[in-house]
Amino acid sequence: MGKSVVVIGAGIAGMSAAFDLQSAGYEVTVIESGNFVGGRMADQDINGINVHTGASVIFSFNKAMFDLIDELGISDDLYAFPDKNEGYNVEHGDETYKLKLTFDPIFLLTHPAFGFKTKAKLAALLPDMIKAGLQTDPCMMHTAAHLDDENVTDYITRKVTKEFLEKYVEPYFRAPWHWEPEQISRAYLLSLLGHIVGGKLLSFKTGIGHLSRTLGNRLDVKLNTRVVEAGYDDSGCRLTIEHDGATEAVTCDFVVCAIPGTLVNSVVKGLSTDAEAFFDTVRYNRGARIYYAVDGVQLQPRDTWFTRHSACKFSLFYAMPTDSLVPEGFKQPQYLQCELSPQLSEAIEKEGGQQRLDSYVRDELERLCPEAAGKVTAVAEQWWDNMLTEWYPGYTKGMAEFLKQQEDTPARMYFCGDYLSQSHTGGACASGRGVAAAIRRHWE
Ligand SMILES: Cc1cc2nc3c(=O)[nH]c(=O)nc-3n(C[C@H](O)[C@H](O)[C@H](O)COP(=O)(O)OP(=O)(O)OC[C@H]3O[C@@H](n4cnc5c(N)ncnc54)[C@H](O)[C@@H]3O)c2cc1C
């Protein structure tokens, strides 16, 4: 049996698959269109500010990822964030209150922002949460396919109250994830809630990109090289790759396609009609973030999440006087971090303003943080067309069918990524490791 593999995409999914296959004796090359490894799990220097290309934290329930971290011998480099017991500030209309990132029943039942009815009905959520916690894997959404029948807005309003939806669920969905709850299936909510009670959030002492950099150093990764087309038949795979304006034809025994699911149909040729139809159903949300380096004034730490009932253009605003979790030798300035609301991101996309984000929000920044006016020394803007997989009702069921077919049928081309697992780094890693295991099971 031939053992040459091309992995398309050096995100955490592709590199996890590549690492496992290389460890099992396959000859693996990773092709990456960008100029760094890690995709949406990396550190990047933009105008002297260390920014995250996507993820900032990893969840303690990511078993496949922590096993990999262990195998790479970098467990001692992990950093666990201290519990933020007092919670994050939330602005909801004229009201402000605190919320914790983890689901803490005692905190919620004694919370001054929720009325008696919400507290009494919260109990109704617990059996669903406990059941989902037992039935689902928080890294593998297909295990929650049986819950993929209702959106979060309808579910929470039916099960608890509109107040709980607007004051708890909505800021939670908007601030870190840029979703509105009506877009997302309750399968997503329950599969996570059931697992985050008592969980921890982690990163690495030298930045979130440490795992990607470590994998990149152990693999043969061709950066700035794009797969233009990839096809396959029973005997093997053919790719056309582009580097520095020149194209080259490459053949191999297997391909692991680890690019965002929305791009697959434009790159991969010869898919079955069903597979092509599945890839047409993949959606990601858009998202935008701006970092401002500030000098000449001492920033006070601040974190605020905004619901859509507040007038703010941001969904999240942080003031960070210090940030020690950066790559070795990097000197991070104190900075402000602003995540644009889903509504503003949508309006910017319609106007084609993705390259001038600052111009849309500088007034808001100066209103929220007047002491920074005239003291901004650098700006780093980030825009994602493919930010997080959108688990809209019905998607998970279709995804589960596609995965089952992939699991059951030996093939020359395999697919992995967050859109086939969960919209976090642990899901993407588990998905990559899963396809490596499937190739070995099918072909060895
Ligand atoms: C703003 C933001 C915040 C997030 N926060 C968190 C968080 O705190 N915690 C968490 O766990 N997760 C978080 N996530 C989600 C997490 O980052 C992703 O789910 C995960 O990193 C996806 O990994 P992946 O390998 O599937 O995809 P990607 O990382 O997108 O990798 C795909 C790679 O394929 C490359 N590529 C695309 N097309 C081609 C081509 N034709 N040829 C060659 N290469 C190609 C891309 O350049 C990219 O490097 C966040 C994401 C974003 C965007």
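Guide: Happy to. A contact here means heavy atoms within 4.5 Å. Among contacts in the chain between residues at least 6 apart in sequence, 73% join residues at least 24 apart. A word on the source: this is a predicted model, where local features need pLDDT of at least 70, side-chain atom pairs count only at pLDDT 80 or more, and totals for chains, interfaces and linings use all residues. Residues are numbered from 1 along each chain as its sequence is written, and side-chain values use heavy atoms, with hydrogens and water left out.

Now to the core itself. A nonpolar core is a set of buried Ala, Val, Leu, Ile, Met, Phe, Trp, Tyr and Cys residues joined through side-chain atoms within 4.5 Å. Buried stands for under 20% relative accessible area, exposed for over 50%, and partly exposed for what is in between (1.4 Å probe, protein chains only). The largest such core has 82 residues, and the members that touch the most others are Ile156, Phe164, Phe173, Leu239, Phe279, Phe415 and Tyr419. Its biggest contributor is helix α7 (residues 162-177), which supplies eight residues. Helices (H or I, at least four residues) and strands (E, at least two) are DSSP runs, numbered from the N terminus.

Zoom in on Phe415. Leaving aside residues up to four places away in sequence, Phe415 touches Cys257, Val264, Val268, Leu271, Phe279, Phe402, Gln406, Leu420 and Val435. As background, nonpolar side chains in soluble globular proteins tend to be buried together.

Stepping back to the whole chain, 57% of its 444 residues count as buried. The chain holds 15 helices and 21 strands. Its radius of gyration (taken over C-alpha atoms) is 22 Å, close to the 22 Å that the globule rule (2.2 Å times the number of residues to the power 0.38) gives for 444 residues, so the chain is as compact as a globular protein of that length. The C-alpha trace spans about 65 × 50 × 45 Å along its principal axes.

Asn47, in the loop between β3 (43-46) and β4 (49-52), is exposed, with a relative accessible area of 55%. Asp244, in the loop between β12 (236-243) and β13 (246-252), is also exposed, at 74%.
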